[in-house]
Every structure is written in C-alpha cells, then in structure tokens.
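Open the model in your viewer and keep the selection panel at hand. The tour moves from one selection to the next.

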Amino acid sequence: MSETTSEPVGEPKGGQKHDGHPGHDHPEEHAGHGHGDAHAHGNSPHLAHHFDSYQQQFDAGKLGIWLFLLTEVLFFAGLFCAYTIYRAMHPEVFVYAHYFLNTTMGAINTCVLLISSLTAAWAVRNAQLGQKSLLMLNIVITIACACTFMVVKYFEYSHKFHDGLLPGPRFHPTEQVWEVESFKLKHPEAAEYAERLAKAAEEKKKKPAAAVAIVPGTEQPTFEKPTEEQLEPLVKAGLIGPLSEEPGGISRPKDAHVFFSCYFFMTGLHGIHVLAGIGVWIWLLVRASKGQFGPKYFGPIDYAALYWHLVDLIWIYLFPLLYLIH
Amino acid sequence: MTSMSILLALASEPKLPKLPDSPYFWMPPRVSTIAADSDFLYEAMTWGSAVCAAAIFYAMWHFCTKYRAKSRAANEVAGQSSEHNTALEITWSIIPLFVCIALFVGGFKGFVDIRTPPKGAMEIRATGQKWKWLFTYPGLGTPEDMLHVPVNTNVRIVINAVDVLHSLYMPVLRVKMDAVPGRYTDLWFKATETGDFPIFCAEYCGTSHSDMLSHLIVHPPGEYETWLSNTIAKADSVTGKDRGAMLYEKQGCSTCHTTDGTPKVGPSWKGIWGKSESMTGGGSVTVDENYVRESLMDPQAKIVLGFTPAMPTYKGKLSEKDIDGIIEYIKSLK
Amino acid sequence: MASPSTTADAVAPRSSPGDDNYLTHDKGIASWAFTLDHKRIGVMYLISVLCAFALGGTFALILRTELLTPGHTIIDHDTYNQMFTLHGAIMVFLVIIPGIPAALGNIILPLQLGAKDVAFPRLNLASYYLWITGAVLMLTSLAINAVDTGWTFYTPYSTTTSTAVVPAAFGAFVLGFSSIFTGLNFIVTIHKLRPPGMTWFRMPLFVWALYSTALIQVLATPVIGITLLMMIVERTLHIGIFDPALGGDPVLFQHFFWFYSHPAVYIMVVPAFGVIGDIIPVFSRKKIFGYKFIAVSSLAIAFLGFLVWGHHMFVSGQSVLAGTIFSAITFLIAIPTAIKVFNWTATMYKGVIHLDTPMLYALAFLWVFTIGGLTGVFLAVMSVDVHLTDTYFVVAHFHYVMMGGAITALMGGLHYWWPKAFGRMYDEKMGRLGAILVFIGLNVTFFPQFILGSRGMPRRYYNYLPEFQHLHMLSTFGAYTLGAGFLLTAYFLAKSLKHGKIAPANPWGGTTLEWQCPSPPPYYNFTKTPVVTQGPYDGYENLVYDEKIGGYLPRPNKAEA
Ligand code: HEA
Ligand code: HEA
Ligand code: CUA
Ligand SMILES: [Cu+2]
C-alpha cells in the first residue's frame, strides 16, 4: 500500500462547480473517532486524499451508487426481457406452472423485505443523527429480515427440488397440476373434471383401441358436456388441447420446464443479491459499532440502503410476475 | 454447356464448385434478377466512397504540404481562420443525410424484393446439417446434395437446420439466408443463366464449416424436369447395399464417416459390423441391426468411446428401405 | 486570453530522473500490485493490454499464414477455428475495449482534470484485477480445449460444442464488470472532480469521448453480462432459453448479444475519436474546428448506438420491419461521425502542421477510419448486406475501423503521451517509420479483403476455393508488414525507457492540463489544483519552443501569475 505524504488540502473552493445539494452542507472538519485510513486527510479520517471536502466525497459516492444501481437494473432487465418474450410465446406454460408456487410464502417474503427496506431507510436517518445504538438496532433488524427471506426461500426451493420442478431435462413433476392445492381452491370444478378426464384417459390406454371403437359413441360414456368453468382453466393452462404434450388427452403444456428456468434464474440471481446485501450490512454493523458514522460521514449507510431498496424493488416485480399469474 | 454435360463432368470428377470468371472487378457474375439491383447500389457506393476518401486524402495531403511547419524552433503562429462556421457545418451534415436517405430507400426496396417470394414459385426444401446441404424436391423421397433449378423460373427455397445455425449462400445470386434449427426461413430467386455455381455455408457451424459447399445447377428449359424424373426413377430402383452407398453420399454420412478405416468426426464404418464397440460411460455394444438403427434414430443414446455426440438424428428422414440399405452397406465394408 | 494561472510552478522545468515522481515514489512489487494511484494502475493496464495485443496479433499472423494456401498450410480445421475465436475474443474483450479508456484514460484523465485521482481509486484497482481474472479465464480456456465458437458465441453452437466455452464466456462476463467499473468511475470523476473553471465546454475532447464511452459501458455492458450468464447456464443445465430443442429461441441470443456488442463497437472507437481530437489541434498549432459539434456528436453516437443492433441480423430470420428500422437508424450514425471527420480535416486548414509520430497516426486514422466507416454504410444497406454479410467484406470493414481506427488511435495516443507517462522521448525517426509501416501494412492486409468478400469469400473459412488465393496471399504479406511495424515499435519504445532523452513537461506544446505538470507527473499530480480560465485548445500562441529542453514553455512576457 502506498503511503501518504501529508499534503495540504487545496483551499476550499467556494465557487466551485459541483452540483451540491443545498440541504447538506457539511463542514470540512470531522471530529469523529475511528482509525485513520491510510489515505486520510490530516484530521479527517474518512476523507480520501483526492477529495477536497466531505460534501464532494459524498456526492461522488452518491452518483457512483446510482450508476451502479442503473447497471443492476439493466442486468436484471435482460432477464425480464427474456421472461416477457417467453410469456408472450407460451402464456399457457406460465399459467400452468404458477399453481406450483406457494403464494403465501411469496407474500411473507414480500412483507419481510418491505420491513427491511423501512429499517434500512431508518438506519440512514440514525447515522445522520449519530444515533449509534438505534443505528445498530436497525441494521440488525434489516439483517434479520434478510435472513428470514433466505430461509423461506430455502424451504421453497427444497420443496421444488423434491417435487421435481426443475429446469431443463430434470423436470419431472411428481404431481399433476389439478392435484395441487392452489389449483383446487381456485377452480374446484375444473380440478374435479380434470381428475375424471385423466382417469378416463388411463382407462382408454389400458383397453385395446379396437375394443373402444366397437360400439360407436362409447368413447366418452361417462361424460356430460363440460361447462365453461370446467373447461376454461384447463385450456388456459395448456392441459388439454393443441398446446398440451398429449393433444388427445390431458397432460401438461409443452416446454413447461421453461417457467422453472425463469423462476430459478430470476429468484436465484435475486437471492445472490440478498446474500451480498447481508454481507454488506454485517460489515456496516461492525463499522457502526465502532462509531464511525455521524452527521459528516454516513455515506456507506446511505449507499447500502439504496442498494437494499433496489433489491427490494426487484422482488416487488418478481413476486407478481412469477406467483400471481392469471 | 448443357446441364447434362455438367452432370457428367461432376459424376466423373465431383467436388469443388467453381466460381466462374466475372466480367466485373468487384463482384462475381450476376445470375439472378436481384443481382443487378443490389450491384447497382454497391457500385454507386463504391464510386461515392472512392470520391469521398480521395477528397479527404487530398485535403490532408494538401494541408500537410501547404501548411507544414518549418521547424518547431521557428515558432510559427497559425494563420487566421474561423474556429467554427455554422453554415459550413450544417451543409456537411445535411448532404450526407440526403445521401443516406437515398441509400436507405434503395436498400429497403431491394430488401423487400429479396424477402418477398412471388406467388406460385416452385418450392424446394433445403436442410443444413453438419456439414452438408440436403435438398428435397417435390416427388423425390431421398434428398439430393446439390441444388438443381430450372433457368428463368421463380424458385423458393424453404430452409431449416438440424443441429446448429447454417446459412445458405449463393454469391452469384446475391442471396443468403440463415438456417435456424426449430424454425423455417426462406429465400427466393430467379436464375437467369444456366451453369454450375458454388453454394457456401455462410454461418459458422464448426469443424468443417468451410467444406460445407455445394453446387447450384441451373438447367436449361426442359432439362430440369428430365433430371428430376430420372432421379426419382433411379432413387426408387436402387435397393440393398447400393442404396446404402448412395445414401452415404447424399445424406452426408460421408462428412463424418469414412469407409477406409480412418476415423473422422465419427468412427469409420470399415470392419465395424459385428465388432464390439466400447462406449463412453462404460459398457460395450455389438454393432448389429438394432444398434445401427438406434445410432440413426437416437444417436445420442450411446456414444462410442473417443467420439463426441456430434451426430444428428435421422429420425423421420430415412425410410425402412433406407435403413436396410445402410445396414447392408455397412455389412459389406469388411 | 490568459494562460492558466498556475503556469509558473506547473510548467516545471524538466524533471530529472532523481526527482520524486509516481514511478519512483514507492519501490517494490507490492507498491505496484496494491497501488491506488491512477497512473500506476494505468501503466499496469497498458502493459497488460499490450501483451494481450501481442498475443492476439500472433494468433492473427498464424491465421494469415494458414490462409496462404487453400486447405491445410500449417494448422488443422479445429485449431484454425479456435485461433480466430481467441483472436477475436482477445482483441475485443482484452485489448480494444480497455485499451484507450482503461490504459491511456487512467493515466491521462485525472491529469486533464487537474485532479489527484479518479473518484474511486479502490474500485479502479478492482477493475484492473477483474481484467486480470478475465484474462486468466480466457487463457484457461486456451489451455483446456480452446473455445471454438467465434467471438460471437452464437447458440446453439456454443451450447453444444465440446470445447471449453464456459471459461471463455465467464472470462468475458468478468471483463464486462471490469469495463463497467471503469466507466462508472470515469463518469463520477468527470462530474465531480473537474477543477474550478472547467465548464463542460472547456473539457478536452478526450474527456468528452471518455464520458460518452463510459455512458455506453455502464448502460450496455450489464446486458452482455446477463446474456453470457444465461448462455453458460443453458450450456450446463439446459434450461431451454436459447436451445430450440428445449423450446428456446436461438435468435434471441443474437438480439441480446448485439444489443451489447453494437454499442461496444462505439466503446472501442469513441475514445479513439477523443485521442484524435486532442492530437490534431496540438500538431496543427490551431484551435480545433467546431469544438462543440465534435463534443456533442460523441453523445449522439453513444445514444444512437443503442438502437441499431439488428443490422447484424438482416439474414437471421428477423422480420423485414425490424430490419428496416434498424437499417434506417444505422444510417443516422453516419451523420455525427461525418461531422467529426470533416471538422478534424478542417482543423488543419491554415494550421502550422508538425508531422511527428502522433500526428502521422492521427492522419492514418482519419483516412483509414473513413474507409472503414464508409464500408459500414455499405453493410447498412439491407439489400447489399444480404450478399456481403458473413463474408470477408465484413472482416475488412471491422478491421478498418477497429485495427485501422481504434488501434491506430491507441498507437497515436501512446506516442503522444509516452513522454508524459514515462518521462522519456522515443526515437522520432523510428516512430515515423513504425507509423508508416503500420499504415501500409494495414491497407495491404485489409483492402484485398474487401475484394475477397465482394466476390463471395465467406468468413471463418479454413479452406477456400483456389480462385481466392492471390488476394489471400497479398493480405498475408500485408499482415507480416504489420507485424514488422509493431515489432519495431515495441523495440524502440522499450529502448527509450532506458536510453531515451529526458522528456520535457510539454514536448508538443499542448495546452490541456496534463502538460502543466512535470513528466513523469509527481505522485499527487498537481501541488495546487489548477484553475482553468480558457478552452482546452486555446493559447498555442502563448507557448514558445525552447530548443534546449526540447519542449514548450510559456511565452515569458505574457505569462502572468
Ligand atoms: C470500432 C468498431 C466499429 C465501428 C466504429 C463501426 C462503425 C459502423 N459499422 Fe460496423 N462492425 C464492427 C465494428 C465497427 N463498426 C464489427 C466488429 C462488426 C462485425 C462483427 C462480427 O460480425 O463479428 C461490424 C459489422 C457491421 C455491420 C453488420 C455486417 C454484417 O455482419 O452483415 C453493419 C451493418 O450495418 C455495420 C455498419 C456500421 C456503420 C454504419 C458504422 C458507422 O458508425 C460508420 C460511420 C462512419 C462513416 C460513414 C465515415 C465517415 C463519414 C464521412 C466521410 C461522411 C460521408 C458519409 C456518407 C455520405 C454516408 N457494421
Ligand atoms: C481490435 C480488434 C482486432 C484487431 C486489432 C485485429 C487485428 C488483426 N486481425 Fe483480426 N479479428 C478481430 C478483431 C481484430 N483483429 C475480430 C473480432 C475477428 C472476428 C473473429 C470471429 O470471426 O469470431 C477477427 C478476425 C480476423 C480474421 C478472419 C478470420 C476468419 O474469418 O476466418 C483475420 C484474417 O485475416 C484477421 C486478421 C487480423 C490481422 C492480420 C490483424 C493484424 O492487424 C494484427 C497485427 C498485430 C500484430 C502482428 C501483433 C504484433 C505486436 C507485437 C509484436 C507487440 C506489440 C507491442 C507494442 C506495440 C508495444 N482477423
Ligand atoms: Cu454450415 Cu457453416
Ligand atoms: Cu453494429
């Protein structure tokens, strides 16, 4: 590490052209404690050598974090784009597969993240006001919420793994969609009808085709004409009709695994961001415990909170796009 | 040259297509109705660019000689000239803009023409697979490895791919279209001259991308029909081992398999019949009727040790008669 | 017109080797490896990028040698395919994207802003190590079983071939983040660390160019990141996003890829515009013509560059309507570029022109880039592109703009700022010889490829019809000339480090701020933040050449405190 020559700070440049925020005028001196950074200005431990003032440093950091968030948005935008295209191409797959997701767990996670966003925002205020213990408390709550989120996600994932709901060639669902609770709740009649259809199809398979054909009109002996309520959810989810894997019978739609590719890819990448966030908050908690933040120097908390709001925001989009499909 | 003499020549000495000498410096000969249009734009741009590049070169040269400094020590001061001139700058923005609009309109018209096949065009299917073009003609069950078309007739080629992207490119026609697995694309043309012209694969597709060549054979009026009926008759009559030998060439097996014992992309067929082959992932299999059939219908099911799963499936492309022929042919390669 | 107020101490007399400067400030490997100093990071980038260039260039020479004859000359099919893939990937991701911004920009940008460093020095060092990681990953692919997909990684080939695609693609992914962080750093630096008095329209054109470039880096690169990630996951887990066999769409990959990679071509060339914009006025001793137009046209190019990606896909099966829109917008880019070319040329009018090495490179750039750009317009004409796409015409086009444009400008910038960065002058005669060899080699290598392509020679061809051989041979000899030019350059530049004349602070008479601090600059660049009172290309008449030091000093009577 190169060492610093203590070199006088350039004269304050009052008229300098920085897009300063009027409300945030921080004096140059910083009476904070904490250990001198290798690049600190004489008695301003957190002011890097190449900045002239805390204000300038804070503004630079703020612009930097916003740009970083922009790249994050674009990073996810690629995925959202792929999602949109596949949903437009195979709407039935998305209708079919979303029944397998646990909306309650998703909703819990949404709440948990919203709370953590609130505490993160509060933490910024605490840092600005120099409320050390409140700051630490809010960070702890944020971390706790983030961990809760990950635990819930863990249960969701292991459930999916267990049920064979995996992307690509590993996709072997153990349950038919009409046996799934959420489908039954939403479309009881359709579920019951689907059950019967499936049974009939099975029967038909067992009997030699010739036997069925003997008496004309006996192919569907037990069925009355299905009603709209019975039929529509099944067609929409691609279980019967031309989009089904078994056009004559009842099955799942073709390429249904693509939904789980999207699901795991998007939530997985989001999860990685949550994990990264947890790491950052822990680091900040340590720094906060040393009392490094105060009215003049609170940038890192501010930046982390902004990042955390973005992670939250992405989830706010993911939740309806994956869990709440009509 | 009549097309029959071309075919005779090809039969005796097949292989590399040849690009005929061209009357144009930049471009190969023009053999389609589209060519003249797109070449006109190309030429206009070539001349325009030459003038533009020459003008800039001249200006550079002129300024560098005329205003060249004597030496650094002379400390000359630049002469008076304005540091910007809005009128001038707008002029040299507007002129290129008009040039560009003209070029865009020209290119757009040409493109719409290239991409809109006329109604009632004759249809031929082209399939790209590693590393061979296969052309399927109406009424002919087995595909051919060359593209035969009648002169002065609208032809639409419906293109797809088996494995990866390819691109059907015929320079003398100035047309090209990607072959995409899982979907159909098309191109059309009307050939205006008879002869034998090269077909290239223009989208990178792996090892032998640059050998994925073929011939475009434009027949004089009437001869295309004769060729087609002869070929149909011949294709149906060949059976057994000879049918296998024919398919070996026409289905493109020869791009990956040899019959002389040297391995290529796939194992050589010489002497494999009845042999026991080791498989990737353990185990071994005796090469018999069922194994050959499986290798064709589901080539990825068992992979011979030391080879990659490069072989495309032939499911739906070979009839029972074809498979029997291939089996007989492999049997015969002792 | 007043000269800068800090002239007196800033245009220090030449520094002698004993002086404290950033090269001598600390000693030892660790002082380099962990440095946060922008100049040192820039120098490390420069060395790394030049090594990568030598490697990519060596691959190119192997390619060209193979193409001397049809069929087998020195290597086989698969090796050839791996060679051009690595050549393309190395040149694009390792050389030309970081070349001007990360190497030259890092050294020069803070100096031109009179700043002590970039806004985030740690992030800057992190970008550098990301670059190293990316490079190592690419070389890993080379060592295992080099990737053979072409630099475009098109699916489904890339998801099915048996070569080491994952390390290479992951390398490109990591390099993307290196590029994003550099861009982010520069944007913040330019916004927040400009010195007093430097308004937006007093920024040197190099700064403008880096700013526009950084915007593209930040906005486009994440998309290639996610695309490569999806491709990698597709390849390893078969998730069916791009693979048609699993319900995916291979053309979607192309859209994603070019959404980044078209803007990326402007990441490569816009910094080059900046270098040229700085060199031409200094060597013409005359204010640049149409400063504002040049500055703003960079932004226009950056913006339009996002809307044209589909011009790489006219024959991919995309709809005619989409093609039409992409083609139309592509033409619009020619306009801001034309403005630049004409303004640079006009700057020389009535100037006092010094044909030193940097200027020779700038002139070479001007002409060669024009040809490259004009042939880009051929490709934007849809009906003509149907014939030309995926032929050597495209290869010639992009080498004219990338090799002839960006690399030539990189060489120009390297020679221009060499005395500043290393405090030594190189042998001027050798410099000019190198520039001329490169210019000749360049045209002999790539001009025949326009003819080849027009006549129908497809690209990525190991084997070719014998009809094409003469032009291929010509091209190969051109490549050898290029190799000679670069070897010569490498030799005399390396030699100058030890044996070159000590460089003055301002050897060319530039008026941008970097020429106000000593060569090489001290650790903190400026002892006092300079105050800017004039435009970047004002005040040439206030500098006089001093033969004793071989550089410029302020005109004595006019200099004021
Ligand atoms: C530095 C990199 C760079 C730059 C600057 C450009 C600049 C341009 N490029 Fe190029 N391009 C590439 C790198 C670059 N390109 C690469 C790498 C590929 C291939 C990738 C691959 O497939 O592997 C490619 C491919 C490519 C294609 C696709 C070809 C194909 O595969 O079919 C097209 C099509 O439109 C195109 C167009 C253009 C245009 C219109 C410009 C314009 O920006 C040029 C503008 C400049 C001028 C026009 C010259 C100056 C102007 C004047 C002198 C005024 C007079 C002008 C007029 C009247 C028009 N380029
Ligand atoms: C920046 C980009 C860049 C640069 C500079 C170059 C430079 C060169 N390229 Fe390449 N090229 C590409 C980007 C670039 N290329 C891309 C993207 C592709 C497409 C790949 C694909 O299809 O996927 C391609 C493809 C490509 C092909 C086509 C292959 C094919 O389609 O089959 C060919 C063939 O001639 C070629 C040749 C050359 C040559 C002769 C040079 C020469 O200019 C090289 C000259 C350089 C040297 C000889 C190095 C010598 C240097 C030193 C000795 C040390 C120097 C040190 C100092 C100066 C200090 N390149
Ligand atoms: Cu098929 Cu290239
Ligand atoms: Cu482009």
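Which residues does Ile226(C) touch, leaving aside those up to four places away in sequence? This is a predicted model, so treat every stop as computed geometry. Select Ile226(C) and display its contacts: Phe75(A), Gly78(A), Leu79(A), Phe265(A) and Leu269(A). Ile226(C) sits in helix 8 of chain C, which spans residues 205–237. Its relative accessible area is 0%, so Ile226(C) is buried. The C-alpha atoms of Ile226(C) and Phe173(C) are 8.2 Å apart, although 53 residues separate the two in sequence.

**Chain A, helix 2**

Switch to residues 91–98 of chain A, which form helix 2. Is this helix enclosed or open? Seven of its eight residues are buried, so the rest of the structure largely encloses it. Pick out the buried ones: Glu92(A), Val93(A), Phe94(A), Val95(A), Tyr96(A), Ala97(A) and His98(A).

**Ligand 2**

Go to ligand 2 and centre on its iron atom. Which residues coordinate it? The NE2 atoms of His87(C) and His399(C) do, at 1.9 to 2.0 Å. This pair joins distant parts of the chain: His87(C) is in helix 4 (residues 77–112) of chain C and His399(C) in helix 14 of chain C, 312 residues apart.

Next, show the polar contacts of ligand 2. A nitrogen atom of the ligand is 2.8 Å from a side-chain N or O atom of His87(C). For His399(C), the corresponding side-chain distance to a ligand nitrogen is 2.7 Å. Gln449(C) places a polar side-chain atom 3.3 Å from an oxygen atom of ligand 2.

**Ligand 1**

Move on to ligand 1, which lies between chains B and C. How many protein donors does its iron atom have? His397(C) is the only one, through NE2 at 2.2 Å. His397(C) belongs to helix 14 of chain C. Now select the copper ion, ligand 4: it is 4.6 Å from the iron atom of ligand 1.

Around ligand 1 there are 35 residues. Tyr266(C), Asp385(C), Thr389(C), His397(C) and Arg459(C) come nearest.

- His397(C): a side-chain N or O atom, 2.9 Å from a ligand nitrogen.
- His311(C): a side-chain N or O atom, 3.3 Å from a ligand oxygen.
- Leu379(C): a backbone N or O atom, 3.4 Å from a ligand oxygen.

Helix 12 of chain C has the largest share, eight residues. By class, the shell around ligand 1 has 24 nonpolar, nine polar and two charged residues.

Key:
Residues are numbered from 1 along each chain as its sequence is written. Chains are lettered from A and ligands numbered from 1 in the order in which they are written. This is a predicted model: local features need pLDDT of at least 70, side-chain atom pairs count only at pLDDT 80 or more; totals for chains, interfaces and linings use all residues. Side-chain values use heavy atoms; hydrogens and water are left out. Helices (H or I, at least four residues) and strands (E, at least two) are DSSP runs, numbered from the N terminus. Buried means under 20% relative accessible area, exposed over 50%, partly exposed in between (1.4 Å probe, protein chains only). Contact means heavy atoms within 4.5 Å. A residue is near a molecule or strand if one of its heavy atoms lies within 4 Å of it. A polar contact is a pair of N or O atoms within 3.5 Å; within protein, one must be able to donate a hydrogen and the other to accept it, and residues adjacent in sequence count only if both atoms are side-chain atoms. Ala, Val, Leu, Ile, Met, Phe, Trp, Tyr, Cys and Pro count as nonpolar, Asp, Glu, Lys and Arg as charged, and the others, Gly among them, as polar. Donors are N, O and S atoms within 2.8 Å of the metal (3.2 Å for Na, K and Ca); water is not among the atoms, so sites may look incomplete.
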